[in-house]
Amino acid sequence: MKTLVNIRRDLHRIPELGFQEYKTQAYLLSYLHSLPQENIEIRKWKTGLFVKLNGTSSQKMIGYRADIDGLPIEEETGYSYRSVHEGMMHACGHDLHMTIALGILTHFVHHRVKNDLLFIFQPAEEGPGGAEPMMHSEAMKEWKPDLITALHIAPELPSGTVATKPGLLFANTSELFIDLKGKGGHAAYPHTTNDMVVAACSLVSQLQSIVARNVDPLDSAVITIGKITGGTVQNIIAENSRLEGTIRTLSTESMLKVKERIEAIVKGLEIGYSCQASIDYGAMYHQVYNHEEVTLEFMNFVQEHTDADFALSKEAMTGEDFGYMLADIPGFMFWLGAGSSFGLHHSKLSPDEKCMETAISVMTKYLAFKDDR
Ligand SMILES: CC(=O)N[C@@H](CCC[C@H](N)C(=O)O)C(=O)O
């Protein structure tokens, strides 16, 4: 049997983007098939999996979700087990999330509980979002959990720390794609063109004013443009440019306000730069809202019945489509400290693998505790 560390490293080597997690799914299936099969039911869903462990005398179904996709980042960790997929990396800890889920699942294959347990290996968390369509799947309709939980690694917290809070944990998100089309031409004749590199630069600056001047400072919002492309070569004025980004807000009102302002600014840009613009909001994620009672129970449980250090979280501007699951099923998400000096979405993210043992110990104890409640 492989160790958890070996499993994590195997998965780390093969990061795949959303809905392309074929090798990952095959790896997970091969591991699951190596376990005693008597009480396991497995259903594939696109590149994800639903894995049900049948309880001994089930009254309830408890769900545990792990996301499985990687990011389009060229890894720079220097690990001997670094990604073998060029330009892709598990830079958000989903390799650890999957390994932890397998660790919990394996424990309960050998130590059965009364409740049914549903492990959800979900594709495309980074985009375009697997949780919402998974919620509408046949498997989820038949195996809908009564309670659902998930974790996310937190590189900035000491390894093994468990952190969460009742209520709002993660922001509402919307992707943002803006395409600009003007008039290209010779670099030496700017007066005959409408330069879309200049328009894109101006737009990025104008977008900054929305959070600074249109959103209530006590109701946080973020607009990040993570990628700009435009033009063809150094001595041609660009006819096209494209901005790619994301919007984060703590309230839905602010999300609407931000979008309204983006649309007004883009209209102004069209007039000012004699160009055409189009806006696409891509994937939007529901906020992650932890159900009060069950989250408080978990927080007390961690402090009273486990060796893990507990910290009370603040809201974060990260997004997570697990929010869609929590919108329909009671439950909670928590951060798991992973002690890395490089953060999420960084090419050198190096989580401490020992945090996986803590998570498995906390969750196996907690799920056994929930068996009588
Ligand atoms: C935990 C985490 O980092 N999640 C991602 C989710 C991204 C959603 C979507 N692609 C977007 O950019 O809005 C995050 O960036 O917070």
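I began with Ser274, which counts as exposed because it has 12 C-beta neighbours inside 10 Å. My cut-offs: a residue is buried if 20 or more other C-beta atoms lie within 10 Å of its own, exposed if 12 or fewer, and partly exposed in between, with C-beta atoms placed from the backbone. The model is a predicted one: local features need pLDDT of at least 70 and side-chain atom pairs count only at pLDDT 80 or more, while totals for chains, interfaces and linings use all residues. I number residues from 1 along each chain as its sequence is written.

Ser274 sits in the loop between helix H7 (252-272) and strand E13 (276-280). Helices (H or I, at least four residues) and strands (E, at least two) are DSSP runs, numbered from the N terminus. The phi of Ser274 is positive, near 45 degrees, and the residue is not a glycine.

I then looked up Phe19, another non-glycine with a positive phi, about 65 degrees. I found Phe19 in the loop between helix H1 (4-13) and H2. Phe19 counts as partly exposed because 17 C-beta neighbours lie inside 10 Å.

**A cis bond**

I noted that the peptide bond from Gly127 to Pro128 is cis, with omega near 0 degrees. Pro128 belongs to the loop between E4 and helix H4 (131-135).

**Helix H1**

Which residues of H1 are buried? I listed Ile7, Arg8, Leu11 and His12. Down the axis of H1 these buried residues fall within an arc of 135 degrees, so they line one face of the helix; the arc is that of the directions from the helix axis to the C-beta atoms. Their cover includes H2, helix H3 (94-110) and H10. For cover and packing, two residues are in contact if their C-beta atoms, placed from the backbone, lie within 7 Å.

**The sheet**

I traced an open sheet of 8 strands, ordered E1-E2-E4-E3-E5-E17-E6-E16, with mixed pairing. Two strands pair if DSSP finds at least two bridges between them. Strand E1 (40-45) and E16 are at the edges with a single partner strand each, so one side of each has no neighbour in the sheet. From one strand to the next, the twist averages 25 degrees.

E6 and E16 run parallel and are joined by 3 bridges. Here I saw Ala163 opposite Ala311 in E16.

Helix H2 (residues 22-33) packs on the sheet and touches E1, strand E2 (48-53) and strand E4 (116-122), with its direction at about 20 degrees to that of E2. H8 also packs on the sheet, touching strand E5 (147-154), E6, E16 and E17, and its direction makes about 35 degrees with that of E17. Axes are lines fitted to C-alpha atoms, for helices over the stretch in contact, and angles run from 0 to 180 degrees between N-to-C directions.

**Helix H8**

In H8 I found Thr295, Phe298, Met299 and Val302 buried. They cover an arc of only 100 degrees around the axis, which puts them on the same side of H8. The face turned away from that buried side carries the exposed residues Glu293, Asn300, Glu304 and His305.

**Domains**

Last, I checked the domain assignment, automatic or from a database: domain 1 is 4-170 + 287-372 and domain 2 is 172-284. Their contact takes 8 residues from domain 1 and 9 residues from domain 2. The C-alpha centres of domain 1 and domain 2 are 35 Å apart.
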